[in-house]
Amino acid sequence: MTRSWSKIALTEAEALAGEIYGLVARARPLPSERDDTFRLTDADGREFTFKIANPAEEPAALAFQDGALLHLEQYAAHVPVPRLVPTRRGARSFTLQTAEGGRILRLLTFLQGDLQYRTPHSAAQSRNVGRALAELGIGLQDYQGRPPVGKLMWDISHVLDLRAFIGFVGEERHPRAEAVLREVEAAAPRIAALERRQIIHNDFNPHNILMDPAAPERVTGIIDFGDMVHAPLVNDLAVALSYHLASDDWDERAGAFIQGFIAARPLSPPELELLPVLTRARLAMSIIIAEWRSAQFPENRDYILRNHASAWRGLQTISDLSADGLNRLVQKTSGA
């Protein structure tokens with residue numbers, strides 16, 4: 001999404017935090033493709049994330065995200081996610097009226113830690129990240145909120161819709177991306193028969209996971225709930241697994257990650273059987289969407305393609321990986 005709204009200045013963000021939340025704090029900008037986002041620090045050293053949504057953001061989408069955070073706070077308080085801070089009037093958000101439209105303000109607690117992609121990886125880290133995803137899913141399994149009407153492009157359930165954009169994929173990668181779509185189409189009846197479905201995070205990647213700087217194998221936070229969907233549970237695992245496949249030690253990392261997940265939430269045989277297919281689907285999605293979007297928005301090409309090379313390497317790595325192969329990775333890691 002390109003910026004199509006007026007940027008909120010630091011002084012304005014500080015004034016809004018004081019007026020709406022009674023918070024006297026210093027603001028620093030945080031990177032965001034969709035919103036104006038700030039890190040606030042008050043005189044006592046407490047820190048918060050202040051998000052001012054762009055005018056095009058659907059209120060229902062933000063309410064859905066807020067509902068998930070409140071559900072986790074009530075039913076899975078041990079899962080390290082941000083907490084919503086109420087306004088001075090006790091509301092979960094505030095709508096600021098501007099010339100461009102209503103902009104929804106939300107204040108959340110700031111989680112400390114280093115983003116996972118900036119930390120040294122290890123099998124212990126991958127195992128703990130896998131367990132954290134499982135525990136997050138357990139916390140969300142009874143959340144009854146539903147995403148706004150419409151399809152999310154990043155939902156594996158709708159990967160076959162990307163056939164409309166396959167022509168944008170480069171000649172070297174096109175045959176493999178097309179083969180994945182055919183594989184998903186053949187597996188569609190088995191995917192449709194999966195029984196465990198719920199709200200899933202759907203974007204459990206190293207940019208959304210925080211680790212303890214002093215112990216980089218320990219998860220301290222999970223952020224960014226903007227891609228949540230209602231889908232087969234195993235899709236969440238496939239999304240996250242796709243980010244463990246672009247290193248020389250991918251087999252150890254992937255095995256440890258799955259081991260950590262199933263230690264907290266075992267997979268059914270159909271889920272395990274479909275996990276390689278769904279993981280390839282996610283990787284193919286990353287390639288197709290990135291190449292299509294970079295053609296539409298060449299000025300943002302570098303940002304759009306930031307994960308492209310790793311997705312392509314991951315897809316090559318597991319092009320023939322079966323459920324039996326995944327099982328062997330998990331067993332090998334267990335015995336390490």
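In the predicted model, strand 7 and strand 9 run antiparallel and are joined by two bridges. Within this pairing, L115 stands opposite L210 of strand 9. The two strands belong to an open sheet of three strands, ordered 7-9-10, with antiparallel pairing. The edges of the sheet are taken by strand 7 (114–115) and strand 10; each has a single partner strand, so one side of each is left without a neighbour in the sheet. Helix 3 packs on this sheet and touches strand 9 and strand 10. The direction of helix 3 makes about 20° with that of strand 10.

N202 counts as buried, at 1% relative accessibility. D224 is not a glycine either, yet has a positive phi of about 60°. With a relative accessible area of 39%, D224 is partly exposed, whereas N202 is buried.

Aromatic side chains were examined next. The count comes to three aromatic pairs. In one of them, F64 and Y143, the ring centres are 5.8 Å apart and the planes stand at 20°; this angle is under the limit of 30 degrees, so the pair is stacked. F64 belongs to helix 2 (residues 59–75), while Y143 is in the loop between helix 3 (123–140) and helix 4 (174–192). The pair thus links distant parts of the chain, 79 residues apart. Both F64 and Y143 are buried.

Another pair is formed by F165 and W292, whose ring centres lie 4.4 Å apart; the planes are at 35°, so this pair is tilted. F165 is located in the loop between helix 3 and helix 4, and W292 in helix 7 (residues 269–296), so the pair ties together parts that are 127 residues apart in sequence. W292 has a relative accessible area of 19%. Because the limit for a buried residue is under 20%, W292 is classed as buried.

A charged side chain also sits against an aromatic ring: R306 lies over the face of Y303. The distance from R306 to the ring centre of Y303 is 3.9 Å.

Definitions and conventions: Residues are numbered from 1 along each chain as its sequence is written. This is a predicted model: local features need pLDDT of at least 70, side-chain atom pairs count only at pLDDT 80 or more; totals for chains, interfaces and linings use all residues. Side-chain values use heavy atoms; hydrogens and water are left out. Rings of Phe, Tyr and Trp (its six-membered ring) pair if their centres lie within 6.5 Å; planes under 30 degrees apart count as stacked, over 60 as edge-to-face and the rest as tilted. Helices (H or I, at least four residues) and strands (E, at least two) are DSSP runs, numbered from the N terminus. Buried means under 20% relative accessible area, exposed over 50%, partly exposed in between (1.4 Å probe, protein chains only). A charge sits over a ring if NZ of Lys or CZ of Arg is within 6 Å of the ring centre and within 35 degrees of the ring normal. Two strands pair if DSSP finds at least two bridges between them. Contact means heavy atoms within 4.5 Å. Axes are lines fitted to C-alpha atoms, for helices over the stretch in contact, and angles run from 0 to 180 degrees between N-to-C directions.
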